[in-house]
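Student: Can we walk through this model together? I'd like to start with strand pairing.

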Protein chains: 2
Amino acid sequence: MQEIKKYVADNKQRFLDELFDLLRFPSVSADPAYKNEVLKTADFVAQKLRDAGADNVEVCPTAGYPIVYGEKIVDSSKPTVLVYGHYDVQPADPLELWHTPPFEPTIRDEKIYARGACDDKGQFYMHVKAFELMIQTNTLPCNIKFMIEGEEEVGSNNLGIFVQQNKDRLKSDVVLISDTAMISMENPSLETGLRGLSYVEVEVTGPNRDLHSGVYGGAVANPATILAKLIASLHDENNHITIPGFYDDVVELSAAEREALNKAPFDIEDYITDLGVEEVWGEKGYTTLERTGTRPTLEVNGIWGGYIGEGAKTVLPSKASAKISMRLVPNQNSDKITKLFQNHFEKIAPKSVKVKVTPHHGGEPVVTPTDSVAFRAAQKAIAESFGKEPIPTRGGGSIPIVALFEKELGIKTVLMGFGLDSDNLHSPNEKYDIANYYKGIETIPLFHKYFAELSN
Amino acid sequence: MQEIKKYVADNKQRFLDELFDLLRFPSVSADPAYKNEVLKTADFVAQKLRDAGADNVEVCPTAGYPIVYGEKIVDSSKPTVLVYGHYDVQPADPLELWHTPPFEPTIRDEKIYARGACDDKGQFYMHVKAFELMIQTNTLPCNIKFMIEGEEEVGSNNLGIFVQQNKDRLKSDVVLISDTAMISMENPSLETGLRGLSYVEVEVTGPNRDLHSGVYGGAVANPATILAKLIASLHDENNHITIPGFYDDVVELSAAEREALNKAPFDIEDYITDLGVEEVWGEKGYTTLERTGTRPTLEVNGIWGGYIGEGAKTVLPSKASAKISMRLVPNQNSDKITKLFQNHFEKIAPKSVKVKVTPHHGGEPVVTPTDSVAFRAAQKAIAESFGKEPIPTRGGGSIPIVALFEKELGIKTVLMGFGLDSDNLHSPNEKYDIANYYKGIETIPLFHKYFAELSN
């Protein structure tokens, strides 16, 4: 541990500078306008893997953005860790809400502000630097493979094909991912499950053109009003989702599981204050931790239609649209839920409008084992690094790769995230605490050490 | 009539060229980006009034956009007609739906396509050209005053002050406005009422920042979902508006009035086909003509919130907004309805969000007299010009100036519009039939003639 701390201390500024270089790439995978920047980011990541000491580094083309691969095989009889991360980021808008430009990383109060600071550039780059540390100090105790993709924020559409076509190359004993959050530096935690995702876009079309709301208002169905009615009907008065069959495959937690989950340190008053709301909201009969960790949800991610500029325009719009995503819990299936949504939404639409539902992407929910060698290695690494045993938690987010890996390669995942819920992922002013970045770089070599030891 | 037709025939191309020059100004009053263009339009209109023979032409400053005034007093013992119109236009977006650029007037199938072609540049400019005709042929039978404003599309906020401060200058016997539609060239009509307007913007705020919908989804009220629920609740299952007190001041039409109204030529199948919808929609118990002409309505003119760009972003938005306008019928009051809406909307919002209602502008509903000298003059002018008696109809739109004139100056209005409902007012591909433009220029001098004759 002393050697690790010394190496990190000796290279502190360079570790930060390199992350800043990575954060300056606006690698927004959702927006085709950034295509060249996303591609440049992949090349940058590949070069940094080479610099750190990886062999066989390759920017592997896909039908979308490339996957960066690299490896270090020290001894084929030793266990192998596959590190997954992603170099693409969420769109930065609304830009006007950023205090400093999203792609010009800035330090304030010991935090790095930039799009991707935590999700996931800051987190996957810890692994690159921890790898460099193990190479330089000659302490790499197992084989390591890196797979850093560029389409996580748009559904990892091409990753499945890549994994299928590279089963030998990717053969490993565990997948290690840092793309989740812990409760706090004082209460380190390990996520043991992730929600799945079904993301759709809906379009409601009324008249074949925008109409004058005075001449036609009151006589023609307004798609914005109808869309509002359709969306409103998707939750009942208890905030249960009303899509028939939606909950069919949900496995209810046992009383003991619920009790354990609700024991995690969590202050509802802090939560409310942090978000600036008067009260929380959600499905009746469940706590906030249960709502985000164990229950499926349906959220409107975007809605638009008609005149949204300055001032007043008296128009009855021809179309109104929304982006809607559902988070799924273990045993639910993304394709099935997407179909249930589609059928339901088309069925409840009145005849006076046309409705189109376009699936965007999905991902399956997962539960990671808590009795594996890899999970115990993560527990020991965190306990040693933080001086406190990590608390197991259930995460609300989705990392589709986890289910994919299990299905295609038969490998389980350990989610060893160093972010915080307050890191503003997907929001303006995304940040990552500098302390968490360094702590991650220090903890990762311990994981490898214990994983190698316990695997014997 | 022969002399009129000859003058129009001799000046056909010039009349069109001048209108095209006027249409090329992007005089969008709602968008501050067009400020200079709106101001230039006012100067252009003033120059054209001078060229046509008007005296005392002035671009009168207001707190917003100027009002263009001009007059010709032939004999103070003769009656005076005040022509009102507006040189500002609606925003042109969505631009991508225009077949030709909105501010580059284009003729297709004998129709002029441009923003403002009908509303109201094409229509008010007929009066400028009819005035020129009467000056040039020495047939102006009464005094004429022009008041052409630049803020009609944003609520005529500064017109009231101008009218109050210019009561003497504006003193007239009737207000003549061409800013409405007729049924068709085969079925000329005269509107005898207009709906009032209450236009508001609502903003629903949930958490103090955009959130990751995986981390927080299901545990925090989503403003887009709440906005949808609030909007959905504004109409009940019969499409009645649910705001308490909303209908209190509405005077129901008598059975005889309803019968007369529904006798107007109207083919519901043509209407449905033209709009490309499967069926009409509206308040139960009323026909389409009643819904648009005699009933108050509530329409969403725009809605937005969250991520509305390409692809998928899993965000739980901090805010969602909508522009909502209500059309009012005689005896309803715009301020009162705005307050009812505001109180109701704030009251039904759940505690988990904050709601802000901002009134944009309003206007009072009006019924114009059908037994006045001016109305009979309009009937005679149309009967002579079109060879058919005009049918009285009720318009669904709003021209706030009409109620204002009655209140401030005690003058009634005649609504002699030459547009068609299919002119795509406020929509992409706004148009005005060339035939209607010329027909208007021919009919207007007849109105002045009969108004002078009948006033004796």
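Tutor: Start with E3(A) and strand E7 (residues 174-177) of chain A: they pair in the parallel sense over four bridges. Strands here are DSSP runs of at least two residues (helices, H or I, at least four), numbered from the N terminus. Two strands pair if DSSP finds at least two bridges between them. This is a predicted model: local features need pLDDT of at least 70, side-chain atom pairs count only at pLDDT 80 or more, and totals for chains, interfaces and linings use all residues. Residues are numbered from 1 along each chain as its sequence is written, with chains lettered from A and ligands numbered from 1 in the order in which they are written.

Student: Which residue in E7(A) is the bridge partner of A:Val83?

Tutor: A:Leu176.

Student: And how many bridges pair E3(A) with E6(A)?

Tutor: Seven, in the parallel sense; E6(A) spans residues 143-149. There, A:His86 stands opposite A:Glu149.

Student: Is E3(A) covered or open?

Tutor: Strand E3 (residues 80-86) of chain A is mostly covered, with seven of its seven residues buried. Buried means 20 or more other C-beta atoms within 10 Å of the residue's own, with C-beta atoms placed from the backbone. One side has A:Thr80, A:Leu82, A:Tyr84 and A:His86; the other has A:Val81, A:Val83 and A:Gly85.

Student: New topic. How many residues of each chain are in contact across A and B?

Tutor: 83 residues of chain A are in contact with 83 of chain B. Contact means C-beta atoms, placed from the backbone, within 7 Å. The largest share of chain A's side, nine residues, comes from E12(A).

Student: What does E12(A) pair with in chain B?

Tutor: Strand E13 (residues 297-306) of chain B, antiparallel, over five bridges. A:Ile303 stands opposite B:Gly305 there.

Student: What's the strand order in that sheet?

Tutor: Eight strands form an open, antiparallel sheet: E15(A)-E10(A)-E14(A)-E12(A)-E13(B)-E15(B)-E11(B)-E16(B). E15 of chain A and strand E16 (354-363) of chain B stand at the edges, each with a single partner strand, so one side of each has no neighbour in the sheet.

Student: Which strand does E10(A) join by 10 bridges?

Tutor: E14(A), running antiparallel to strand E10 (residues 196-205) of chain A. In E14(A), A:Lys323 is the bridge partner of A:Glu201.

Student: Which helix packs on the sheet and touches E15 of chain A?

Tutor: Helix H11 (residues 334-348) of chain A, which touches E10, E14 and E15 of chain A.

Key. Two residues are in contact if their C-beta atoms, placed from the backbone, lie within 7 Å. Axes are lines fitted to C-alpha atoms, for helices over the stretch in contact, and angles run from 0 to 180 degrees between N-to-C directions. A residue is buried if 20 or more other C-beta atoms lie within 10 Å of its own, exposed if 12 or fewer, and partly exposed in between; C-beta atoms are placed from the backbone.
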